[in-house]
Amino acid sequence: GFVKACGKGSYGRLGLGDSNNQSAPKKLTFEPHRNIRKISSSKGSDGHTLAVTTEGDIFSWGDGDYGKLGHGNSATQKYPKLIQGPLLGKIVVCVSAGYRHSASVTSDGELYTWGEGDFGRLGHSDSHSRNLPALVKDISSVGQVACGSSHTIAVSQDGRTVWSFGGGDNGKLGHGETNRVYRPKVI
């Protein structure tokens, strides 16, 4: 299908080529042309969006701080731009736009994360930010992912295993504690 956007336009978050507010839905342009299957927009940050095509490619746009758009830099992107790098040639089935980070799952069960690494929210055993998608090496057979403000949750393809990592304040990781977790940990 196609994507239309309206609302607050700062940082190019609507993907319409500018930072203007838009009071009525307006259709986005994807180059090269693609039909969009799934979309995820961040909440509470300066705004970025991820879109998965029917072919399994990912586009991103909006505020690029922390590298959360996955284009190898921290630049704002006012039009949808295809994410390449490590995901080139992979078939993406799930995406999630978090507060300052992003994640995707491929058809072969790989989890990729990028953006701000504080609190271990990327699951790479450290707090380093990444501006390109990076494979989370500690888990496989992932089916779904959801990014929160400072944490990430992943579910296995068979739905029987749930992992969490990142900031554990208020017990949100489900491990019976409030510690930060820097690698995926089974709940």
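Which residue stands opposite Phe59 in E5? The first view below has the reply. This is a predicted model, in which local features need pLDDT of at least 70, side-chain atom pairs count only at pLDDT 80 or more, and totals for chains, interfaces and linings use all residues. Residues are numbered from 1 along each chain as its sequence is written, and side-chain values use heavy atoms, with hydrogens and water left out.

**View 1. Strand E5 and its partners.** Ala51 is the residue opposite Phe59 in E5. Strand E4 (residues 48-53) pairs with E5 in the antiparallel sense over 5 bridges, and E5 pairs in the antiparallel sense with strand E6 (residues 77-82) over 3 bridges. Strands (E, at least two residues) are DSSP runs, numbered from the N terminus, and two of them pair if DSSP finds at least two bridges between them. Gln77 in E6 is the bridge partner of Gly62. In the hairpin of E4 and E5, 4 residues lie between the strands, and Gly56 has a positive phi near 95 degrees.

**View 2. The two sides of E5.** Ile58, Ser60 and Gly62 point one way from the strand, Phe59 and Trp61 the other way, and all are buried. Buried means under 20% relative accessible area, with a 1.4 Å probe and protein chains only. Because 5 of the 5 residues of E5 are buried, the strand is largely enclosed by the rest of the structure.

**View 3. An aromatic cluster.** Come and meet Phe30, Phe59 and Trp61, which form one aromatic cluster. The whole structure has 2 aromatic pairs. Phe30 and Phe59 make an edge-to-face pair, 5.1 Å centre to centre with 85 degrees between the planes. Rings of Phe, Tyr and Trp (its six-membered ring) pair if their centres lie within 6.5 Å, and planes over 60 degrees apart count as edge-to-face. Phe30 and Trp61 are edge-to-face too, at 5.8 Å and 75 degrees. Phe30 lies in the loop between E2 and E3 and Trp61 in strand E5, so this pair ties together parts 31 residues apart in sequence.

**View 4. The largest cavity.** About 60 Å³ of space lies in the largest cavity. A cavity is a set of points on a 1 Å grid over the protein atoms alone where a 1.4 Å probe fits but cannot get out, and lining residues have an atom within 4 Å of a point. Points are joined across faces, edges and corners, and a volume is the space filled by probe spheres set on them. Among the lining residues are Gly56, Ile58 and Leu82.

Key:
1 Å grid on protein atoms, 1.4 Å probe; cavity = no way out; pocket = protein on both sides within 12 Å on 5 of 7 lines; lining within 4 Å. Phe/Tyr/Trp six-rings, centres within 6.5 Å; stacked < 30°, edge-to-face > 60°. Buried < 20%, exposed > 50% of the residue type's maximum accessible area, 1.4 Å probe, protein only.
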